[in-house]
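Colleague: Could you take me through this structure one feature at a time, giving the general idea before the case at hand?

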Amino acid sequence: MTKPPTGKPLKQIHLAAHFPGVNNTTVWGDPRAGSHIEFSSFAHFARTAERAKFDFLFLAEGLRLREQGGRIYDLDVVGRPDTFTVLSALAAVTEHLGLTGTINSTFNEPYEVARQFASLDHLSGGRAAWNVVTSWDAFTGENFRRGGFLPEGQRYSRAREFLSTATELFDSWHGDEIVADRESGLFLNDAQAGAFVHQGQHFDIAGRFNVPRSPQGRPVIFQAGDSDEGREFAAAEADAIFSRHSTLEAGQAFYTDVKGRLACHGRSHDQLLILPAATFVLGDTDAEAQELAREVRRQQVSGQTAITYLEHIWNRDLSAYDPDGPLPDIDPDPGENTIARGRASVRMFRDPLALARQWRERAAAENLSIRELVIETTGRQSFIGSPATVADTIDHFVQTDAADGFILVPHLTPGGLDEFADTVVPLLQERGVFRHDYTGTTLRDHLGLAHPDARAERPEIRRVAS
């Protein structure tokens, strides 16, 4: 068993499950893979997560099919069903599992989103969570009337005001206004229930919010940005941050940085959870798991996928190149108009010329083809090994402050979580670091987060509204 640093009690691990849809994690061609759009897949996945006593299920959002050079990418061949529709349906087939959805703050409006999340929180008995994200590209914006996109600074400015405005709407009901006295005929004891006025840079709205205060008061707030702006936004506003740092050293650095920002916003260490995304491959032995992981990576990175990924960096049409051949001898085009429209990954390649030089050196030294190089440089599996090895690794990460838990992303849906639930979770329970059963009814209970008090936290809302 992993022991925590001297003098520290064992931390309880938070676990969640991400239904990935069709993307660069899934292996949709595997015979065991099911639909990524039929409700039965979502229901199976959610029931497995709840059986394993996970904190929540997480749904990403895709607002447009993404293409490259006019072609649909082979790992983006279906759309994602509407988040609220799926989560509302899952509320009816689960009792405890939190329901987290990514909803964009760039192309939506606060009143609409607040109303949908408050409704979901009521329907689920207090299990709703909102992953607040921004959109960075005009490609996605073409789907919307406003269109276009916002520069990074304005995106986060709008996101902060969007969340603040939604919070004002949630808090326009305090929770004790509904009397519903049949004898007197009095339904509300406050004539100003739901009243709000907001005037700001991005939103100028006033009226009545028509959904009474929900069981959690407000949904749990997630944030997924890794930039300095994103980290600061999370430290100021979020209850949890969805991180991509899944190695021990990177995780500890990220954990220290983000947790260190909390005090400046008047928040304590335990008011923000750090939950990296993590993939996994299990086997009866560590050696078997390693072999399975290699096969999964080859399934995830087809020849077409390898070429398409390389085009992200080269910013050129490379369809004529053989994925089992050498890297292109031409240099990347570092132009502003990217070939991979709508893909956030292209933003990570700040210096494609330098990256191309590094890749050429590695390919030459290790005699790697394009596909082999992409497999080696885009490794996805965070945890590989027997159930005992994976349980020990996860526990070690949490006890040494590289994370507060993990959002698991299986490569198969809907059944890819089953083995983890049946083999790894019992080992974590034996260690005393993961629950045997739910002890609360809301997602805030599962995550150890306080329920917000509208009167105590935002007494000015009613005064402004009146």
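Modeller: Let us start with contacts, meaning heavy atoms within 4.5 Å: once its neighbours within four places in sequence are left aside, Glu-419 is in contact with Leu-282 and Val-424. Please bear in mind that this is a predicted model, in which local features need pLDDT of at least 70 and side-chain atom pairs count only at pLDDT 80 or more, while totals for chains, interfaces and linings use all residues. Residues are numbered from 1 along each chain as its sequence is written, and side-chain values use heavy atoms, with hydrogens and water left out.

Colleague: How many residues apart along the chain are Glu-419 and Leu-282, and in which helix is Glu-419 found?

Modeller: They are 137 residues apart along the chain, yet their C-alpha atoms are separated by 7.8 Å. Glu-419 belongs to helix H13, residues 418-430; helices (H or I, at least four residues) and strands (E, at least two) are DSSP runs, numbered from the N terminus.

Colleague: Why does Glu-419 count as partly exposed?

Modeller: Buried means under 20% relative accessible area, exposed over 50%, and partly exposed in between, with a 1.4 Å probe and protein chains only. Glu-419 has 40% relative accessibility, so it counts as partly exposed.

Colleague: In which sense do strand E9 and strand E10 pair?

Modeller: Two strands pair if DSSP finds at least two bridges between them. Strand E9 (residues 195-199) and strand E10 (residues 204-208) pair in the antiparallel sense over 5 bridges, with Phe-196 having Gly-207 in E10 as its bridge partner, and the two strands form a hairpin with 4 residues between them.

Colleague: How many aromatic pairs are there?

Modeller: Rings of Phe, Tyr and Trp (its six-membered ring) pair if their centres lie within 6.5 Å, and planes under 30 degrees apart count as stacked, over 60 as edge-to-face and the rest as tilted. The count by this rule is 19 aromatic pairs. In one of them, Phe-170 and Phe-209, the ring centres are 6.4 Å apart and the planes stand at 80 degrees, so the pair is edge-to-face. Because Phe-170 lies in helix H5 and Phe-209 in the loop between E10 and strand E11 (220-223), this pair ties together parts that are 39 residues apart in sequence.

Colleague: Are Phe-170 and Phe-209 buried or exposed, and why is the pair of Tyr-309 and Trp-359 stacked?

Modeller: Phe-170 and Phe-209 are both buried. The rings of Tyr-309 and Trp-359 have planes at 15 degrees and centres 6.3 Å apart, so that pair is stacked. It links distant parts of the chain, with Tyr-309 in helix H9 (residues 303-314) and Trp-359 in helix H10 (residues 352-366).
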